[in-house]
Amino acid sequence: MVNVSQPVDTAPRISILDLAIIGSNQTARDAFANSVQLAQRAEARGYERVWYAEHHNMAAIASSATSVLIAHVANHTSSIRLGAGGVMLPNHSPLVIAEQFGTLATLHPGRIDLGLGRAPGSDQTTIRAMRRDLRASDHFPDDVMELQGYLRGESRVEGVVAVPGAGTDVPLYILGSSLFGARLAARLGLPYGFASHFSPGALLQAVELYRNEFEPSEQLGEPYVIAGVNVIAADDADHAQDQFIHVRRSRVARFLTPGRDLTDEQADAVLASPQGQQLAQMMHYSAVGEAEEVATYLREFAHHAQVDEVITAHASPTIEDRLRSVDLVADTLDPVRL
């Protein structure tokens, strides 16, 4: 639990990170249908936005073609903001991403966000399969500025215009889990998103650095921070904890023993190991329990970390439980509408 010295009454803005999880005995098509349901529920309940993350070669995550998934969900919703949380820019050319998100913004004006990260979103073998230059991350700041130029219609590459894309001004967000991203977001005057739902270690230091070094820009006049929290809200605390145990066991299988089915006893044994403890620490920021407990956690987390918006990764194993979790958070924090 996050500890703060004073009770916190103010509810932060709440959004959703959807990894398009492929559940047990499900297909990617099932995951996409679940993503549509989740976004529709988030829209009905007044969440700020739903983002999708680029990951590759992960059997349980279907959001690899991020822009395509955003287009699909946008066609089944009408008002909620949708975006990448994020696109791993070193995997792509800035022009292609400008064209993709310029197309999305043209089709769905005022609804598209573009979060950018510099990690590969996968393992070394997959990086080679993507024909990715291992040095591409070194050019991330320049690539961000090139991409921003395309979207503003102020291309930094003479004679090259993003069509569609130019003049759409799709808002950019710098995403990260280290001080590098915080410093870059501050220097460029862009909103900053911290991946504390799986990499919590540098959260407080990164947010402090970003706020201290922020320089206003054309897009943003004041610092704006989003941070991730794993959420499982349920009608019964025991049911929430049971789901959390299931999620932790599933992550062991996904990250530490890919391709192997583990019994519950084997998964728990791995979790008890030093490697398993490290994996469990990745979920340090997790709000699990009944609605009031989860809402209190999210308020205190936002105050503790000094963030403006909490992006919630609803981790329940089934879509029914994820939708219930989304509803309970909305009911209790009440910045949202029916």
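Let's start with helix H7, residues 203–213, in this predicted model. Which of its residues are buried? Leu203, Ala206, Val207, Leu209 and Tyr210 are. Now look down the axis of H7. The buried residues fall within an arc of 165 degrees, so they line one face of the helix. An α-helix has 3.6 residues a turn, so residues three or four places apart point the same way.

What covers the buried residues of H7? The cover includes two helices, H6 (179–188) and H11 (291–305). It also includes two strands, E6 (192–194) and E7 (225–233).

The largest core has 88 residues. Which of them touch the most other members? Those are Leu114, Leu298 and Phe301. The largest share of this core comes from H11, with eight residues. There is also a second, separate core of eight residues. Among its members are Ile232, Met283, Val288 and Ala315.

Stay on H11 for one more residue. His303 sits in this helix. Its relative accessible area is 40%, so His303 counts as partly exposed. How far is His303 from Gly165 in space? The distance is 37 Å, C-alpha to C-alpha. Along the sequence, the two are 138 residues apart.

Next stop, helix H5, residues 140–152, where we find Met145. Met145 has a relative accessible area of 23%. Why is that partly exposed rather than buried? Because buried means under 20%, and exposed means over 50%. Met145 touches Arg156 and Leu188, leaving out residues up to four places away in sequence. Take Phe101 as well: Met145 and Phe101 are 44 residues apart along the chain. Their C-alpha atoms are separated by 15 Å.

Now compare Asn34, in helix H1, residues 28–44. Is Asn34 buried or exposed? Its relative accessibility is 8%, so Asn34 counts as buried. What does Asn34 contact, apart from its neighbours within four places in sequence? The partners are Gln26, Ile319 and Arg322.

Last, confidence. The protein averages a pLDDT of 91. At least 70 is the score for 93% of the residues. Now look at residues 1–7, where the pLDDT is below 50. How many contacts does this stretch have in the model, beyond near neighbours in sequence? It has twelve.

Definitions and conventions. Residues are numbered from 1 along each chain as its sequence is written. This is a predicted model: local features need pLDDT of at least 70, side-chain atom pairs count only at pLDDT 80 or more; totals for chains, interfaces and linings use all residues. Side-chain values use heavy atoms; hydrogens and water are left out. Buried means under 20% relative accessible area, exposed over 50%, partly exposed in between (1.4 Å probe, protein chains only). Helices (H or I, at least four residues) and strands (E, at least two) are DSSP runs, numbered from the N terminus. The arc is that of the directions from the helix axis to the C-beta atoms. Contact means heavy atoms within 4.5 Å. A nonpolar core is a set of buried Ala, Val, Leu, Ile, Met, Phe, Trp, Tyr and Cys residues joined through side-chain atoms within 4.5 Å. pLDDT is the predictor's confidence in each residue, from 0 to 100.
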